[in-house]
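Dear colleague,

Please find the structure below, which I am handing over to you together with its sequence. My notes on what was found in it follow.

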Amino acid sequence: MRPISSQFLVLKTTALFILWVMLSGRFDLFHLGLGVSLSFLVAWINSGHSPFVPRFQIWGKILLYFPWLFTRIVQSSLHLTKLILHPRLPIQPRLIRYESTLQEPPAVVLLGNSITLTPGTITAEVNGQLLLVHAMDEVSGQDVTSRRLESKIADIFGEKAPSP
Amino acid sequence: MTTFFLFVLVVLVILIGAYLYRVLQGPTIFDRVLGLNGISTKAIIVLVLMGTVFERVDMFVDIATGYALLNLMGALAVAKYLEQKGLP
Amino acid sequence: MEFVSIVFILAGLFFLIVAAIGVIRLPDVFSRSHAVSLTDSLGAFLMLVGIAFHEGLSKNVLKIIAVLALLYIQNPVIAHATVRAALRAGLKPWQRETS
């Protein structure tokens, strides 16, 4: 078993306790004490096997990234709506093999999640840095093939941007 | 406002019927899993809307959270199982 | 406030209806999963934001936001797991015959 870092334990306990307060919504001594002890217990049980270390300096950039992603989601949703309601159903599904240049696993996870969250593209297979993306038609897959998403994510994690 | 919410609830239940068609009819088993996933998303929205109709949103949102977590576990287990087993 | 919430809920309902039409019309598992992800990402978002506007400022809004965050985290995971299982089981994506 890995040695437990106390800083990480405190962080996890705080996050779980905030969730507890949000879900219970009561502020008397009994409920707060139960919440503190239970969240500490859960954090202590789960602290053994996670190599994850939070890096707070990138969280601000991630918060700025979500509104941009949301505008992309709205645009591709409108495109997909047009495709579905079209009487002749002009879809051309395709599989795109995509080799990313991101080095860290969290960056690849964020990339895959963003691709899947955008309607019209879905990550079908992830193997290291090789992604297999199923796209509805050429316009939907443009964000992936033009590497716009990847350069945004490389910017968040402080890696060098991919050459287009 | 309550009438409007009831109208939205009726439309949502009809949409669940559309997904149910896919669950019963779907050519492969993955269509059925996908249809169940869509039904569970609808069910979460229906639960929160019912909370506003009964004016007990806090309670119904908790039920919706539990339902969403159960759905996550169930869908992952089924997908994992089918991945190892292959097409029936 | 009521008007804003009605507009949001009707917009969400529109996307949910489009997704249901897509689930019935589209030809195979992979393209249907796009329709389901349309439901999750925009339809549920607009509906729940409309309900939050109707509730006004209270602790219920925080809970609704928690459910929304949960949906946004879990739905890509489920869609990816299903599609990957379909691909590994040997299903081929539907393609239009080029004539």
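Helices (H or I, at least four residues) and strands (E, at least two) are DSSP runs, numbered from the N terminus. By this rule, chain A holds six helices and three strands, and their order from the N terminus on is α-α-α-β-α-β-β-α-α.

Before the details, a word on the source. This is a predicted model, in which local features need pLDDT of at least 70 and side-chain atom pairs count only at pLDDT 80 or more, while totals for chains, interfaces and linings use all residues. Residues are numbered from 1 along each chain as its sequence is written, and chains are lettered from A and ligands numbered from 1 in the order in which they are written.

Chain A

Chain A is divided into domain 1 (6-45) and domain 2 (56-156); such bounds come from an automatic or database domain assignment. The centres of the two domains, taken over C-alpha atoms, are separated by 35 Å.

The expected span of a helix is 1.5 Å times one less than its number of residues. Helix α1 of chain A (residues 6-24) has 19 residues and should therefore span 27 Å, which agrees with the 27 Å between its end C-alpha atoms. After α1(A) comes Gly25(A), with a positive phi near 75°.

Two strands pair if DSSP finds at least two bridges between them. Strands β2(A) (residues 121-127) and β3(A) (residues 130-135) run antiparallel and are joined by six bridges. One of the pairs is Thr121(A) with Ala135(A) of β3(A). The two strands form a hairpin with two residues between them, and Gly128(A) in the turn has a positive phi of about 65°.

A positive phi is also found at Arg147(A), near 60°, although this residue is not a glycine. Arg147(A) lies in the loop between α5 (142-145) and α6 (148-156) of chain A. Burial is judged by counting other C-beta atoms, placed from the backbone, within 10 Å of a residue's own: 20 or more make it buried, 12 or fewer exposed, and a count in between partly exposed. Arg147(A) is partly exposed because it has 17 C-beta neighbours inside 10 Å. Of the 164 residues of chain A, 26% count as buried.

Two residues are in contact if their C-beta atoms, placed from the backbone, lie within 7 Å. Among contacts in chain A between residues at least 6 apart in sequence, those that join residues at least 24 apart make up 61%.

Chain B

Helix α1 of chain B (residues 2-25) has 24 residues and reaches 35 Å from its first C-alpha to its last, close to the expected 34 Å. Its buried residues are Val8(B), Leu12(B), Leu15(B), Ala18(B), Tyr19(B) and Arg22(B). They pack against α2 (29-54) of chain B together with α1 of chain C.

Phe54(B) belongs to helix α2 of chain B and is exposed, because 11 other C-beta atoms lie within 10 Å. The C-alpha atom of Phe54(B) is 39 Å from that of Pro27(B), 27 residues apart along the chain. Glu55(B), in the loop between α2 and α3 (57-85) of chain B, has a positive phi of about 60° although it is not a glycine. Glu55(B) counts as exposed because it has 9 C-beta neighbours inside 10 Å.

Where the chains meet

In what follows, Ala, Val, Leu, Ile, Met, Phe, Trp, Tyr, Cys and Pro count as nonpolar, Asp, Glu, Lys and Arg as charged, and the others, Gly among them, as polar.

Between chains C and B, the contact takes 39 residues from chain C and 36 from chain B. On the chain C side, α3(C) gives the largest share, 15 residues. By class, this side has 25 nonpolar, seven polar and seven charged residues.

Between chains C and A, 28 residues of chain C are in contact with 25 residues of chain A. Here too α3(C) supplies the largest share of the chain C side, with ten residues. That side divides into 15 nonpolar, eight polar and five charged residues.

The nonpolar core

A nonpolar core is a set of buried Ala, Val, Leu, Ile, Met, Phe, Trp, Tyr and Cys residues joined through C-beta atoms within 7 Å. The largest one has 77 residues, and those with the most contacts inside it include Ala64(B), Val48(B) and Val67(C). Helix α2 of chain C (residues 29-55) gives the most to this core, 13 residues. Leaving aside neighbours within four places in sequence, Ala64(B) is in contact with Ile44(B), Leu47(B), Val48(B) and Val67(C).

Yours sincerely
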